Amino acid sequence: MPSCAVCSKSATSKCSICKAVYYCSRDCQRKDYKGHKRTCKKVPSLPPTKVLQSPSRGRHLVATRPLCCGTDVLRDEPLVPPVLNRDKRSSLCSSCFCPNNSMTPYCSEACRFLNPYSTVEDRIIQHLKDPPSNVILATRILLACQDNSDYVPDPDRYAILVQMVASGFNSLGLCSGGKIAGQTLDFIHNLFCRINQNSFTVADAEIQPLGVGMYGLASTVNHACVPNTVSSFIINRGRFPVITMRTISDVNVGVEITNSYIDVISDKSTRMSSLLADYNFTCTCPLCSSKEDPSTTTMYRSLKAARELGSQCIDDADYTRALSVLRTTPEMLESLLPRNFPVVGIE
């Protein structure tokens with residue numbers, strides 16, 4: 001369901017002129033009128049992107065019209081409730097990821113009932129004793145998914161995780177005939193492979209990781225080391241985190257929408273090694289296909305060293321030295337990263 005352009009709540013009404021912007025109420029539409037009226041008649045009804053399929057790129061997203069820098073190209077709800085990282089479970093709500101001061105995992109009864117599987121899931125997690133996030137995410141998907149027969153490239157990689165899921169479901173008598181919640185072990189191996197390759201790290205406004213989630217449309221966006229979009233998350237009390245992607249450069253019609261899967265503040269060899277190990281592909285984006293200038297490689301390494309030293313100085317409360325070290329990083333970031341990349345501004 002579309003979200004309100006003002007408050008991000010579920011919306012069924014839309015502007016009667018452009019039919020492209022949604023609102024949950026007349027009050028929200030009035031609040032947005034001053035800004036929206038300047039562009040309303042110019043906004044085309046055509047969606048900004050569409051999903052295509054190709055042998056080389058798989059399912060991927062392309063622009064259906066010229067997109068200016070700063071255009072929101074998607075806003076996607078999670079397929080199943082996202083999962084908090086272990087270190088955030090005591091301070092944030094397990095549903096909406098907002099600060100939580102209650103004695104339960106949820107900040108309110110409303111948030112507890114957002115997760116339709118919470119009763120069964122809580123018992124499974126209690127049996128597993130604080131399992132990793134991807135095990136909880138797999139549990140949520142298993143409670144909601146249908147069968148899938150895709151081939152599993154490396155089943156041994158996730159054997160321990162599958163055993164954990166099997167143990168949890170078996171504790172509630174949900175394993176029978178060699179299946180877990182009606183699914184085969186091969187399916188669950190494949191599920192962990194999909195989670196590893198298609199999940200998103202849910203982050204706050206300062207790009208600090210909070211948890212992990214699965215998003216359908218967003219997962220069709222392929223990687224590029226110089227992407228044309230960045231992702232962020234809308235975190236509101238009483239709702240699951242919503243992913244958005246916004247262009248950081250002008251995008252022409254038919255150009256593929258891309259996002260970075262990894263930390264782009266790395267030299268070519270580090271980037272390619274990370275992508276091969278974590279996502280099982282060799283990057284062929286323009287940046288990786290060309291020969292990297294040795295001076296660029298040196299700058300990447302200098303930048304990484306400066307940031308690590310600056311963080312250590314902050315941990316040691318040596319703020320004068322930290323400021324001196326980190327003063328050099330914004331200029332290096334601006335020369336290495338795409339224009340408008342958020343980490344440059346944060347730095």
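User: Hi! What should I know about the model before I start?
Analyst: Welcome! The model is predicted, so to speak of local features takes a pLDDT of at least 70, and side-chain atom pairs count only at pLDDT 80 or more, while totals for chains, interfaces and linings use all residues. Residues are numbered from 1 along each chain as its sequence is written, and side-chain values use heavy atoms, with hydrogens and water left out.

User: Thanks. Which strands form the open sheet, and in what order?
Analyst: The order is β5-β13-β12, with antiparallel pairing. Strands here are DSSP runs of E with at least two residues, helices are runs of H or I with at least four, and both are numbered from the N terminus. Two strands pair if DSSP finds at least two bridges between them.

User: Which ones are at the edges?
Analyst: β5 (72-76) and β12 (229-234), each of which pairs on one side only. On average, neighbouring strands of this sheet are turned by 20° against each other, direction ignored. Such angles are taken between N-to-C directions, from 0 to 180 degrees, using axes fitted to C-alpha atoms (for helices, over the stretch in contact).

User: How many bridges join β12 to β13?
Analyst: There are 6, and β13 covers residues 242-247. Within that pairing, serine 231 stands opposite methionine 245.

User: New topic: is phenylalanine 200 buried or exposed?
Analyst: Phenylalanine 200 is buried, at a relative accessible area of 15%. Buried means under 20%, exposed over 50% and partly exposed in between, with a 1.4 Å probe and protein chains only. Phenylalanine 200 sits in strand β9 (residues 199-203).

User: What does phenylalanine 200 touch?
Analyst: Leaving out residues up to four places away in sequence, its contacts include Val212, Tyr215, Phe233 and Met245. A contact means heavy atoms within 4.5 Å.

User: Why is β10 called largely enclosed?
Analyst: Because 5 of its 6 residues (209-214) are buried.

User: And how many residues of helix α4 are buried?
Analyst: In α4 (residues 133-142), 9 of 10 are buried, among them Ile136, Leu137 and Arg140.
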